[in-house]
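Please read the numbered points with the sequence and the model in view.

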Amino acid sequence: MLDNLNAMLTDMLGPAGPLMAVAGLALLLILAAIPLMLGSKPDPMDKLAKSGRARIDAETKAILRDTRRNAKLNKYAQYLEPKSAEELGQARLKLLQAGYRTRDAVRLFYLAQMVLGIGLLAAGTVYYFMVIDGPTATMQQKLMYILLPGAAGYLAPKYWVQKRIEERRKQIEEGFPDALDMMLVCVEAGQALDQAIVRVAAELHASYPALADEFEIISHEMKAGKDKAAVLNDMGERCGVQDVASFVTVLNQAASFGTSIADALRVYASEMRDKRVMRAEEKANKLPTKMTLTTMMFTVPPLLIILVGPSIVGITQLGAISP
């Protein structure tokens, strides 16, 4: 189908017809995007009050309306912010889970997508014109060298953020049992929960910086007078880890029913240690299967060559000798 289209464009516009068609398509896409960017868009801040997630949306609203933010980004705010409040809240939550908590994180994310997409599209076009351009170039080559770099540049920030989220979640899962053990020791020694969180954050900063940052945020928010249950719930949403969410539920229930926080921490810390041991056992049980496949892949072909190779050589020589 692409070859037929390439032949038709060549017959109509000459040898450079397919290239002109691709360039015209790119120009039309750019011209179509300009009115959308320049057109008046409703302020997404007006829609945040209608969202069901009141706490996340209220914080996002306060941050995006802060006059102390980057003045240059404020000029292009309508181009660098999502249209809907729901999309804005989801983007901010993902960036928080990736560890990006600056005021301009959402705008910088969309700015990186736009700059990388347009920049790599232009670079691919220049590379095609200077290196690949010729009468033998196919439509697949045109699409690959012109449009593929732009798509890769647009998707690169999303891939980077998702990778950061996964690495951060893994680090939190690995360090959370140790954090609970240290918090339990601090609480049983007579410290309050706020003081225990500060001490745990200081101790974990060298080995698990992501988890230490979360505990530091909790301590600062508690010192600022924010409700403890809301602070813990925010931590569960920022981390995106099921163990942390369960830990938040345990602490909130202990505070609601008036039970001992030390007893709740002791039971939950024991469960987290058992869970970490089970994760290690699961990885150990997967190891023989992985080693078996690897061993078969690297040992069976050489063994077959050693065993069957001489026979094949002998049969070939007999065939060459016989008349």
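1. A residue is called buried under 20% relative accessible area, exposed over 50%, and partly exposed in between, with a 1.4 Å probe and protein chains only. Accessible areas come from the Shrake-Rupley method with a 1.4 Å probe, and for residues only the protein chains shown count as cover. By this scheme arginine 276 is partly exposed, at a relative accessible area of 29%.

2. On the basis of the note: this is a predicted model, in which local features need pLDDT of at least 70 and side-chain atom pairs count only at pLDDT 80 or more, while totals for chains, interfaces and linings use all residues. Residues are numbered from 1 along each chain as its sequence is written, and side-chain values use heavy atoms, with hydrogens and water left out.

3. On the overall make-up, the chain has twelve helices and zero strands. Helices (H or I, at least four residues) and strands (E, at least two) are DSSP runs, numbered from the N terminus. Of the 323 residues, 32% count as buried.

4. Axes are lines fitted to C-alpha atoms, for helices over the stretch in contact, and angles run from 0 to 180 degrees between N-to-C directions. Angles under 35 degrees count as roughly parallel, over 145 as roughly antiparallel, 65 to 115 as roughly perpendicular, and the rest as oblique. A crossing is left-handed if the near helix is turned anticlockwise from the far one by less than a right angle, and right-handed if clockwise.

5. How are α6 and α7 arranged relative to each other? Helix α6 (residues 105-132) packs against α7 at an angle of about 155 degrees, the axes being 7 Å apart; the two are therefore roughly antiparallel. Their crossing is right-handed.

6. Helix α7 (residues 139-188) also meets helix α8 (residues 193-204), where the axes come within 9 Å and cross at roughly 135 degrees. This angle makes α7 oblique to α8, and the crossing is right-handed. With helix α9 (residues 209-223), the axes of α7 come within 8 Å and cross at roughly 60 degrees. That makes α7 oblique to α9, again with a right-handed crossing.

7. Tyrosine 128 is a residue of helix α6. Is it buried or exposed? Tyrosine 128 counts as buried, because its relative accessibility is 0%. The C-alpha atoms of tyrosine 128 and glutamine 141 lie 8.9 Å apart, and the two residues are 13 apart in sequence.

8. Turning to charged pairs, side chains of opposite charge can pair when their charged atoms come close. A salt bridge is a side-chain nitrogen of Lys or Arg within 4 Å of a carboxyl oxygen of Asp or Glu. The whole structure holds twelve salt bridges.

9. One of these joins arginine 199 to glutamate 203, at 3.1 Å from N to O. Both residues lie in helix α8, four residues apart, or about one turn of the helix. Arginine 199 is partly exposed at 44%, and glutamate 203 is partly exposed at 43%.

10. Another salt bridge links lysine 226 and aspartate 234, whose closest N and O atoms are 2.7 Å apart. Here lysine 226 is partly exposed at 29% relative accessibility, whereas aspartate 234 is buried at 3%.

11. In helix α12, glutamate 282 and lysine 286 stand four residues apart, about one turn of the helix. They form a salt bridge with closest N and O atoms 3.6 Å apart. Glutamate 282 is partly exposed at 44%, as is lysine 286 at 43%. Elsewhere, salt bridges that share partners join Arg168, Glu214 and Arg238 into one network.

12. A final point concerns the surface. Patches are made of residues with over 30% relative accessible area and no salt bridge; like charges are joined within 9 Å, and nonpolar side chains (Val, Leu, Ile, Met, Phe, Trp, Tyr) within 5 Å. Met296, Val300, Leu303, Leu304, Ile306, Leu307, Val308 and Ile312 make a nonpolar patch of about 750 Å². Leucine 307 is located in helix α12 (residues 261-321) and is exposed, at 56% relative accessible area.
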